[in-house]
Amino acid sequence: MIVMLKVVLDCDPDAAWHALRSPAALREVVSPWLDFASLEAGGFPAQWPEGEHLMTTLALRTIAVGTSAVDVSYPGGLPDGVRMLRDTGGMRSGPGAIIRSWDHRMAVSPDPAGSGGTLYRDRLRFGGPLAAASWYPVWLFWQWRAARLRQLAPTWSAEGAATAPPATAPPASGP
């Protein structure tokens, strides 16, 4: 299944790129429906380094519903001005684990219309035994994400993108 977004954000591409790599910005974009609590020893990094990062997924910012991962890479070989983050993590346990494959690519580049803003493109490919039944809820959530991206983008800067509060629930135990 595939869900895509293409929106122009009211911030410069450097600010959007900083936000895209920020765990705090991720947490702000999915709020208030979801939140994440880091399972790493030092908590969330300021910016995602390449590799897998485990976290507890929190519904409504407080109810632990499983473990998920952000597995970050930064693909190269892109056209001039395009920067991309690829996440192949996804849910590891809990109800969301019915989605077994996860390939989320987010790209930013200068708005070709010359607005000074950022063209943000987002493509999620996911699969699993109930992927078709999951498509519409995922699509709805992606529309929420688009609205949150538009709302938050004017507050982003290349120096600092977001300041999400600490997660309000303890990490989930178990696999």
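## Fold and elements

Helices (H or I, at least four residues) and strands (E, at least two) are taken here as DSSP runs, numbered from the N terminus. On that basis the chain, which is a predicted model, holds 3 helices and 8 strands. Read from the N terminus on, these elements follow the order β-α-α-β-β-β-β-β-β-β-α.

## Overall dimensions

The C-alpha trace spans about 50 × 35 × 30 Å along its principal axes. A compact globule of 175 residues would have a radius of gyration near 16 Å, and the chain, with 16 Å, agrees with this.

Of the 175 residues, 45% count as buried, while the accessible surface of the chain comes to about 8600 Å², with 60% of it belonging to carbon and sulfur atoms. Among contacts between residues at least 6 apart in sequence, 60% join residues at least 24 apart.

## A nonpolar surface patch

On the surface, Trp33, Leu60 and Ile63 form a nonpolar patch, and together they have about 320 Å² of accessible area. Ile63 is placed in strand 4, which covers residues 63-73. Because its relative accessibility is 46%, Ile63 counts as partly exposed, a class that lies between the limits of 20% for buried and 50% for exposed.

## A buried arginine

Arg148 belongs to helix 3, which covers residues 131-152. Arg148 is buried and yet has no salt bridge, since the nearest side chain of opposite charge, that of Glu28, is 5.8 Å away, whereas a salt bridge is counted within 4 Å. Leaving aside residues up to four places away in sequence, Arg148 touches Glu28, Val29 and Ser31.

Note on methods: Residues numbered from 1 in each chain as written. Predicted model: local features only at pLDDT ≥ 70, side-chain atom pairs only at ≥ 80, totals over all residues. Heavy atoms only, no water. Patch = residues over 30% accessible without salt bridge, like charges linked within 9 Å, V, L, I, M, F, W, Y side chains within 5 Å. Areas by Shrake-Rupley, 256 points an atom, 1.4 Å probe, with all protein chains shown as cover. Buried < 20%, exposed > 50% of the residue type's maximum accessible area, 1.4 Å probe, protein only. Lys, Arg positive; Asp, Glu negative; His and termini not counted. Contact = heavy atoms within 4.5 Å. Rg over C-alpha atoms; globule rule 2.2 N^0.38 Å.
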